[in-house]
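This report concerns the sheet and the aromatic contacts of one protein model. The sequence and structure are shown first.

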Amino acid sequence: RKVEEENEKKYARKDIPGPLQGSGQDMVSILQLVQNLMHGEEEEETSQSYRLQNVGEQGHMALLGHSLAAYISVLDRERLRKLTTRILSDTTLWLCRLFRYENGSAYYHEDDREGLLKICRLVIHTRYEDYTLEGFNVLYSKQPVIYISSAARTGLGQALCNQLGLPLSCMCRVPCNTMFGSQHQMDVALLDRLIKDDVECGKLPLLLVANAGTPGAGHTDKLGRLKELCEQHKMWLHVEGVNLATLALGYVSSSVLAATKCDSMTLTLGSWLGLPAVPAVTLYRHEDPSLSLAAGLTSSQPVEKLRALPLWLSLQYLGHDGIVERIKHASQLSQRLLENLKNLDFIKTSVEDELSSPVVVFKFFQEYSSKDQTSHAAQASTIQHPVISNEGHIYDTFNQWLGEQLAQLVPASGVDVVELEDEGTCVRFSPLMTSAVLGTEIQDIDHLVDCLKMKIPVLTSTLQLREEFEQEVRRTVSLLYIEDLGWPGLGVVRYNYHSDEKNDDKQEKELEKINTELLKKLNELESDLTFSLGPEFGGQKNCVYIGMVTEDLDVSELVETIAATGREIEENSRLLENMTEVVRKGIQEAQLQLQKANEERLLEEGLLRQIPVVGSVLNWFSPFQASPKGRTFNLTAGSLESTESMYVSKAQGTGSTPPPTPTSSLAKQRLPGQKAFKRSLRSSDGFSETSSISHCDDLDKLDQRPPNLSPGQEQGPLEMEGAEEQKEVAQAKTDTEDIHSDQSPPDCTKAEEQASPR
């Protein structure tokens, strides 16, 4: 038994994780571990530390509420009941007054979808009286229907059906307007027709989920008409959305104010006020507390009521003025951005109300003038429909890139990219969801607009030059244009490798090698362009991806450089392959010749010289004179040569001059400081032409000018007599020729000969 107990202890110790082994760890070590897990490496701390700096005291109050809730839970039962009742009632009353929702109850939950789930259960208990006893049999006889807008959150309907145990046929998606009104609002007339059709089929319309600020564009449904329709069919109306935060302001638009008449609404105060780890709140009106308890909206457990404690502390700390100020500041940020976007070209906005819209959605879109529209329409009529649809994909790609760039350049703005059904990819600014957490200010909005102004010319230039780049690549024989609509840049090109090899794997490796080397060569050039292998996932293989460009790009020079560089790499690769084969054959031939030379040497020496002792004596009496015969391989000529001349002259003779290495002019002549692939401006062209012309004139003058002569020469050769004078003239002539040998053109020699004395 003792042996078995020891074995069990050994086995159990192996299964226990390392941090749990022994008698436990001290608090300092545990807190240090938590700190390391929170912050990680210091160089990766930039984004997280920025958010932690904006927690503020109101955030610390919310965090303190979680700690206090743990302490309060250990109080005696009676004292705990009184305290939790006070906290819950105060918080519910304050929220109902702040957001104009009179006579309401509140349910506090961590997941923002949990409140709607509990509301659905409450409505099921209300409409199906025998649901508590018979359960799903009641639902089978008369199937419930929940209506959700097509602009609602993705996956909301499926999540509700999974949690409620209902089939997906119980969920009905209502389309948005297509003809009149906002394209992000629910179509009320179509909803009425859908409800009547379901009633005729024996189904029970149960609940309608409307939006006061859709997740994508921030538009508000026509809540007044929807409330009338719900009352007509005895349906429950639930409202959610970011625009509900404006109910706390002094002025509220009529479309949002109608939400105060709905049956329930969900508020996400944590993102609106910048409060970390506070629960979401669902306000509702219902008269039967027993059904609310059955649906899980209320609880008899005092600990469940402590969820409201962080909000109870934070709301008191902020006060009414602090809450209103934060929501008003977010609305002012959106209005500031909207006013600046109106003055920008190629920017299209999508807002519901220009006077008060908490969410601003915009996108880059190049509108055509009347003349351009005619040519574009004529071009579109001659092109098939898929090409027309490609334009939308290109704009989506460019707007995706624009949103990512703005978020990276101005992280405090909180902009993100959103996919809308009709507009496509857009950039969204929703300060109610981000400004309180990120600490967004007016200066951040101005910086965002400045960055947007810098990116618009790049987008327009790239969009205009894409077609020219495609045409240039298609006209070049050695290049292949790859159409990738998901790449935000000038385009994608691949160097076509022509080979007679039938092995596809070898040809694919050679293609990859050439394009990789091509990418390396292009990145070594001094240019503003970015060359890469493309996106990490979903990109084409063995291609060169070219990023955004500016308007002064010379597309023809770029394509010519890519083709010339690719050809140079291909020629060098083939030259190396051929050289390898020639060297291999040369080595084999040299071995055969050396073997043949050894056999000839044996025949010349004779058989006696090969015997060890006799050969040594014979060589001593009669030495055999034999010159060493080796072989050298000439890489330039690709031939074998004898080494006899090397041993005779002690130096290897020089063969034919090696041909020059093939090089290609990767770029045209550029001005000093001008980078590659840039078009020369007219002023710089004029300057270069003028300077070249003036330089030619100077050369002509230099040709016509007589050489500088000494004073003795200027008197003329006829006046000079005597041998001494002729010596002086000759010496002066020699000095003059030495001075002007590097400056005078070739004709100066003749002029000097004519000017010299006879």
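The model is predicted, so local features need pLDDT of at least 70 and side-chain atom pairs count only at pLDDT 80 or more, whereas totals for chains, interfaces and linings use all residues. Residues are numbered from 1 along each chain as its sequence is written, and side-chain values use heavy atoms, with hydrogens and water left out.

**Sheet**

Helices (H or I, at least four residues) and strands (E, at least two) are DSSP runs numbered from the N terminus. Two strands pair if DSSP finds at least two bridges between them. An open sheet is formed by seven strands, with mixed pairing and the order β1-β7-β6-β5-β4-β2-β3. Its edge strands, β1 (105-109) and β3 (171-174), each pair on one side only. From one strand to the next, the twist averages 20°. Strand β6 (residues 264-267) pairs with strand β7 (residues 280-284) in the antiparallel sense over four bridges; Met265 has Leu283 in β7 as its bridge partner.

Helix α5 (residues 77-98) packs on this sheet and touches β1 and β7, contact meaning heavy atoms within 4.5 Å. The direction of α5 makes about 110° with that of β1; axes are lines fitted to C-alpha atoms, for helices over the stretch in contact, and angles run from 0 to 180 degrees between N-to-C directions.

**Aromatic pairs**

Six aromatic pairs are found in a search of the whole structure. Rings of Phe, Tyr and Trp (its six-membered ring) pair if their centres lie within 6.5 Å; planes under 30 degrees apart count as stacked, over 60 as edge-to-face and the rest as tilted. Two of the pairs are tabulated.

| Pair | Centre to centre | Angle between planes | Class |
|---|---|---|---|
| Phe99 and Trp272 | 6.1 Å | 55° | tilted |
| Phe364 and Tyr395 | 6.0 Å | 45° | tilted |

Phe99 lies in the loop between α5 and β1 and Trp272 in helix α13 (residues 269-273), so this pair ties together parts 173 residues apart in sequence. Both Phe99 and Trp272 are buried, that is, under 20% relative accessible area (1.4 Å probe, protein chains only).

Because Phe364 belongs to strand β9 (residues 360-364) and Tyr395 to helix α18 (residues 385-409), their pair links parts that are 31 residues apart in sequence. Phe364 is buried at a relative accessible area of 0%, and Tyr395 is buried at 5%. Together with Phe346 and Phe365, Phe364 and Tyr395 form one aromatic cluster.

**Charges over rings**

A charge sits over a ring if NZ of Lys or CZ of Arg is within 6 Å of the ring centre and within 35 degrees of the ring normal. The charged end of Lys348 sits over the ring of Phe365, 5.6 Å from its centre. Arg285 lies over the face of Tyr101, 3.8 Å from the ring centre.

Notes. Buried < 20%, exposed > 50% of the residue type's maximum accessible area, 1.4 Å probe, protein only.
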